[in-house]
Amino acid sequence: TLGGRTVSPLCRLAASTMVNIPKTRRTHCPAAKCKKHTLHKVTQYKKGKDSLFAQGKRRYDRKQTGFGGQTKPVFHKKAKTTKKIVLKLECTECKGRRQLPIKRCKHFELGGDKKRKGQMIQF
């Protein structure tokens, strides 16, 4: 489990290897309309733009105004070199969306060529 949630078998991959995930995937849709296995469109989750009017941002901007330099600590001790990959699954039937976290990896690819055993390298 990852933070109390069950994680897909894809997560058992090593943190250093290249992760390649197909763009479509047949999996269970928990939405009230479906509640069955359907085809899902897979995309990578991307953080949205920060709002200028969120309470924390307004408070921070207010504190920063005037003289006195930087008022709050700026974080420098970054320990992690990777981020956890989050997949966004969209059901093709009911358009229901959900997120699925997978393990950390340095190289992530969506819909790349599959590896085949015993194939010659082509240039």
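The model is predicted, so local features need pLDDT of at least 70 and side-chain atom pairs count only at pLDDT 80 or more, while totals for chains, interfaces and linings use all residues. Residues are numbered from 1 along each chain as its sequence is written, and side-chain values use heavy atoms, with hydrogens and water left out. Strands of a sheet pair through backbone hydrogen bonds, either parallel or antiparallel.

**The sheet as a whole**
- An open sheet is built from four strands in the order β2-β3-β4-β5, with antiparallel pairing; a strand is a DSSP run of E with at least two residues, numbered from the N terminus, and two strands pair if DSSP finds at least two bridges between them.
- Because β2 (24-29) and β5 (97-104) stand at the edges and each has a single partner strand, one side of each is left without a neighbour in the sheet.
- From one strand to the next the twist averages 40°, an angle on the scale from 0 to 180 degrees between N-to-C directions of axes fitted to C-alpha atoms.

**β2 and β3**
- β2 pairs with β3 (residues 36-44) in the antiparallel sense over six bridges, where Thr24 has Lys41 as its bridge partner and Cys29 stands opposite Lys36.
- Their hairpin has six residues between the strands, and in this hairpin Lys35 takes a positive phi near 55°.

**β3 and β4**
- Five bridges join β3 and β4 in the antiparallel sense, and here Lys41 stands opposite Glu90.

**β4 and β5**
- β4 (residues 84-91) pairs with β5 in the antiparallel sense over six bridges, and Leu100 in β5 is the bridge partner of Leu87.
- Five residues lie between the strands of this hairpin, in which Lys95 takes a positive phi near 65°.
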